[in-house]
Amino acid sequence: MYLGIDVSTQSISGVISDSEFAIVATASVSLATLGFGSPFVRNGDEVLAPSRMFAAALEKLLVALVEEEGVDLGEIEAVSGCGQQHGSVFWTKGAEGLLKNLDPNVALAAQLADAFALPLAPIWMDSSSTKWCRALEDHVGGPGPLANLTGSRAYERFTGNQIAKIVELRNPEFSVCERISLISSMIPSLLAGRYIGIDHSDASGMNLLDIKSKQWVPALLAGIAGRSTTGDVIKLLLGPPQVPYMPIGTISNYFVERFGFSPDCKLFPFTGDNPSTLAGLGISAPGDLAISLGTSDTAFAVVEAAHCRPSGGEGHVLVNPVDPSTFIVMLCFKNGSLAREAIRDKCCFPQTWDEFNKVLSQTPPGNLGYLGFFHPDPEITPPTAKPATHVFAPSSKRPITPSPHRVPEDPAVPHKVQVRAVVETHCLRLQHHARFLGVTSINRILVSGGASANDSILQVLANVFNVPVYLVDNPAISTNAAAYGGCLRAAHGLLCADKAEQIIERDGGVVLDEAELAKKSYVPYDPEIALKVVATPQPEYVRVYAGMLERFGSLEKISVELSQNERLW
Ligand SMILES: Nc1ncnc2c1ncn2[C@@H]1O[C@H](COP(=O)(O)OP(=O)(O)O)[C@@H](O)[C@H]1O
Ligand SMILES: O=C(CO)[C@@H](O)[C@H](O)COP(=O)(O)O
């Protein structure tokens with residue numbers, strides 16, 4: 001059996017599959033139930049999470065699999081998984097010693113009370129590093145050169161810029177740091193009982209990795225080091241980037257003794273949650289667009305290397321963790337589920353998704369000409385510096401709302417209009433910005449994430465994109481696509497390791513082309529077998545949305561300008 005684990009923004013999930021990838025068990029634990037309060041803390045533009053919470057989450061997940069699902073973890077042959085992207089973990093001096101000597105009789109998080117130089121570390125929602133973003137871009141000649149090298153212009157949540165900020169503002173804490181992990185490399189480090197490197201794919205979300213050579217870029221490491229440290233020190237703190245599909249060792253004694261894992265259970269690098277979802281949904285075909293409607297809304301697709309054209313504009317190019325001969329292109333919107341929830345809780349009674357859908361059905365597609373932008377958090381795509389809410393009446397280019405910061409209370413914007421506006425805007429922005437990904441034609445959309453359970457939202461998505469929307473026809477997978485990707489990647493890694501061994505035995509010390517090996521060993525899970533269509537385009541409404549796209553683009557620009565410049569109010 002394989003175990004896939006996903007540590008995302010609001011929960012940790014585990015999926016166990018058999019060797020044919022059929023689901024054996026699943027479990028999920030809300031991060032809000034672990035005794036750390038909310039899974040993240042907002043402090044102005046900073047958004048931070050307690051690193052120790054992720055250790056507590058791993059423990060609670062394994063307890064749930066054993067005690068509630070009755071799984072014998074001794075049957076797990078290999079483990080892989082993923083984490084919310086970009087979030088960092090700053091281990092303090094001596095922390096690896098703690099990992100190596102964990103006492104199986106004591107809970108994991110309790111033993112890591114002194115393990116972190118920064119008990120609270122930035123996660124992907126943090127937008128506080130703008131100054132360091134501009135400095136890094138300047139350091140290499142601007143956003144274009146940085147994007148051509150790393151796949152993205154400088155983004156606030158990208159870990160390199162967050163490290164630069166910590167080097168400058170938190171130097172006493174930084175100076176006692178012995179290792180920097182991403183959340184995705186922290187979890188396998190816990191499982192292995194030693195530090196595990198950051199995989200190529202999640203490393204592409206740091207503004208530090210050359211996505212073609214898959215090495216840290218010395219000039220960028222020096223750029224984030226500032227005056228108080230050096231690029232070489234940061235390189236040591238990050239450790240070498242990790243090949244995503246090669247084994248990293250076996251599980252540590254702590255997990256063998258405490259949870260009954262086999263000492264032979266193999267570990268493979270964890271990756272980012274979006275790349276892992278790509279693996280879980282089996283996205284490899286041209287024309288497939290994955291849309292994840294989790295805390296963030298993201299859209300991503302696979303592109304051939306030849307078509308990968310980072311330009312310093314929108315979106316990201318990431319290394320593909322299952323096929324290194326291709327890349328992933330991705331867009332991320334920060335105001336996804338939490339913005340929809342805010343409108344639901346304000347406009348719907350009872351505050352349920354069923355009621356939300358009922359209210360949505362009270363207005364026609366096109367919302368009688370109303371369009372609304374709801375950003376309780378500063379947005380990533382397109383970037384805004386402040387939270388803002390703007391609702392535009394039909395034909396108007398000036399928002400109705402009197403305050404840029406609050407969801408409008410104005411009776412001129414009925415609740416049902418706001419409900420439709422948040423859904424339509426979220427779908428229109430995906431369509432509008434997907435054009436910049438370089439994905440030439442989209443034939444179908446595969447959805448995942450919490451809101452993919454909502455057929456009414458998916459119907460709007462199908463009408464806006466004018467393509468059918470598919471869901472994996474198994475709720476255990478569709479609600480856990482990122483964790484399921486961990487099972488598939490663990491199997492892929494085992495195959496790569498076996499092939500590597502055969503080649504060495506057959507040919508003696510041949511130099512392995514690991515990328516070629518990965519491609520040959522990658523048998524994408526065949527999604528055709530298990531996919532179901534959940535929404536098909538309705539021609540009369542497709543026309544309505546096609547007619548709204550241009551206005552959407554110009555109103556989005558106005559909304560961004562207004563939110564940058566409060567004086568207008
Ligand atoms: N039926 C639904 N309709 C719309 N949104 C939903 C529905 N069910 C869950 N959600 C949203 O899904 C979000 C959680 O999604 P999930 O993918 O689990 O998040 P993450 O992976 O970021 O932790 C919640 O914030 C919730 O608002
Ligand atoms: O920042 C990004 C991607 O670049 C986010 O998509 C995070 O990876 C969080 O994912 P979810 O918890 O919303 O799935």
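This briefing walks through a helix pair, a ligand shell, an annotated domain and some backbone details. The model is predicted, so local features need pLDDT of at least 70 and side-chain atom pairs count only at pLDDT 80 or more, while totals for chains, interfaces and linings use all residues. Residues are numbered from 1 along each chain as its sequence is written, with chains lettered from A and ligands numbered from 1 in the order in which they are written.

**Helix packing**
- The axes of H1 (residues 51–68) and H8 (residues 183–192) come within 10 Å and cross at roughly 55 degrees; helices are DSSP runs of H or I with at least four residues, and strands are E runs of at least two.
- Phe-54, Ala-55 and Leu-58 of H1 meet Ile-183, Met-186, Ile-187 and Leu-190 of H8, where contact puts the C-beta atoms, placed from the backbone, within 7 Å.

**Ligand 2**
- Of the 17 residues around ligand 2 (C-beta, placed from the backbone, within 6 Å), Thr-9, Gln-85, Trp-124, Gly-294 and Ser-296 come nearest.

**Annotated domain**
- An unreviewed UniProt entry lists residues 121–222 as "domain: Carbohydrate kinase FGGY N-terminal"; such annotations may be inferred rather than shown by experiment.
- Residues 121–222 are 52% helix and 12% strand, with end C-alpha atoms 22 Å apart.

**Backbone details**
- His-86, in the loop between strands E6 (78–83) and E7 (88–92), has a positive phi near 75 degrees.

Technical notes. Axes fitted to C-alpha atoms, helices over the stretch in contact; angles between N-to-C directions. Contact = placed C-beta atoms within 7 Å.
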